[in-house]
Amino acid sequence: VPVGTNLLDAARQAGVELVAICGGEGICGECMIRPTAGSLSAPTLTEKAELAANDLAAGFRLACQAQVVGDVRIEIPPTSLTTPQRLQTEGQDAPDDFDPPLFVLDLQVDPPGLDDLRSDESRLRSALAKNRHPRITIERKVLAILPAILRQSAPDYRLRLVIRRNTETEHETKSLAAVLPANTKIYGLAVDVGTTKLAAYLVDLENGTTAARAGAMNPQISYGEDVISRIAYTNSHPDGAKTLQNSLVNSLNNLLDELCTEIDAGQPQIVEAVIVGNTCMHHLFAGLPVAQLGTAPYVAAVSDALLFPASDVGLKLSAGALVYMPPNIAGYVGADHIAMLIGARLKNPSQTTIALDIGTNTEISLFHNNLHWSCSCASGPAFEGAHITDGMRAAAGAIERLQIHGTEVQIKTISEQPATGICGSGILDTIAELRRHGLIDHRGVLKGQHPNLFLQKEKGGPHSAFILASADKTAIGRDIKVTRLDINEIQLAKAAIRTGVETLLSEAKITAEDIDTFLVAGAFGTYLDLDSAIRIGMFPDIGREKYEQIGNAAGSGARAMLVSLKQRQFAEQISLSVNYVELATNPAFHKLYIGSLAFP
Ligand code: FES
């Protein structure tokens, strides 16, 4: 890299994913590295303010601030690397509404010869006419591959055509989406692009079943952990949006390779894609501007569904493949929420139903009396482990379950590995257990007597902390604990979610008692303990049987839209009929939020 490049950018170019929660602003302190040979630019004032004195003295630097001045060798502590996370690709399988936008037509074409000098296109059109499809549009990109496929099919010249039903106008038209050798299976790609994770599926387009699935981290994470820091990155770098789009598309192409290898298929067999994501991920993938999502009033550039050639964004599918992206509801309720509702099969539910997907932003829908309300609340990244002293994502070694029995604290870690930190479901359990044993009060203050409870110095004065695993039992050589500040972070997050639920209930003029079904989607939503979530007041205390954890419903919804035009129409109806509730301007919001901060 040229002299003057900061090490965060250098790492990105090398494909090394450093944790960069603030997107390189120098304020999160997560991107610590240390030179072991050569030197770097002098520590900046930002680094001196952000790094602890002993870390600075030990030579640690912030990668986003330190610049290359010549050859240098860098040590990256494991805590500065993004870790592979437990990914959620499950969810309900094939839709019951099979109504595919594409179908196959097997036919035989007249062989070319000195006595038949028609072009390959004419030859194909006459075969189509004989098969009762005289008026089919043929894309130039498909025509470009026709001669090669036709000659591969000699001597019998049997082909498999993939025909697209175009329903955007009143009269359905048809176009040729792909030409393949006879007996070739066709697949579609469905992807749920989360801010943190990607879940990708290959779906057999002839029967709607899922043929392969895979998950990966969203590579944009090294440009900022949340939506706001990625928008900031695009604002401060002239090619920032393109860089983020390319990193995502490259990762999707790699995932596609992996999926194709698993089922022994080739990319020409992938003839359609459905991509869903929150509004920011949607816009970054589609090449739409995101700056306006970062400033009030936070509006989307586009809300209607999109259908465009996969090649426009560099996605390596078949030559004529299109990408369908369902509509966005608002700047912070995106196509992934619509996909979640479809995946949860919430088509005009007759029961009063809440459906939510917990993430950095939590999107919530309420269905009641044939009406539908939705909102988004800023629940923050605490459940992803961010801003928590020993927080980490749901990766191997994370404490995911915890129980307190008298003086004993029992923990369970992911993959049964020695503990390295605590993830969202573990934090939730910890606080619920501390509350159950009277070790925190309703305001979140640690109190009472327990051998694991002690006073420690924190920014802003001494605070209590509770040890979950002592240094001799962890993989990091020190205690893993929760502090008063960690409890506050969770209070803010759970209050945001509960306020979103209560605000929608108040819009519908009902109470939690009226809820018949409460659906919790997403990875964190799948692994969290419902009793803990109810105990800390994140979810209302209604009959436990009303709750259902439904896995990655957004991924299921994306798959459903891949094989069902009816589901695409349903997605478009949802976006037109939903009542979007903006919490920031809602008169009930402030009071409800304050009321939700305390623990029950
Ligand atoms: S401090 Fe460097 S990325 Fe946040």
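1. A pocket here is an open set of points on a 1 Å grid over the protein atoms alone, where a 1.4 Å probe fits, with protein on both sides within 12 Å along at least five of seven lines; its lining residues have an atom within 4 Å of a point. The second largest pocket is lined by 21 residues, and Y332, N361, S376, C377 and A378 lie nearest its centre.

2. A word on the ground rules, colleague. This is a predicted model, with local features needing pLDDT of at least 70 and side-chain atom pairs counting only at pLDDT 80 or more, while totals for chains, interfaces and linings use all residues. Residues are numbered from 1 along each chain as its sequence is written, and side-chain values use heavy atoms, leaving out hydrogens and water.

3. Back to that pocket. Its lining comprises 14 nonpolar, five polar and two charged residues (Ala, Val, Leu, Ile, Met, Phe, Trp, Tyr, Cys and Pro count as nonpolar, Asp, Glu, Lys and Arg as charged, and the others, Gly among them, as polar). Strand β16 (371-378) and α6 each supply at least two lining residues, and β16 gives the most, with three.

4. Do have a look at Q220, in the loop between β10 (210-217) and α6 (227-236). Q220 has 0% relative accessibility and so counts as buried (under 20% relative accessible area, with a 1.4 Å probe and protein chains only). Leaving aside residues up to four places away in sequence, Q220 touches R230, L244, Q245, S247, L248, M281 and L284, where contact means heavy atoms within 4.5 Å.

Technical notes. Helices (H or I, at least four residues) and strands (E, at least two) are DSSP runs, numbered from the N terminus. Buried means under 20% relative accessible area, exposed over 50%, partly exposed in between (1.4 Å probe, protein chains only).
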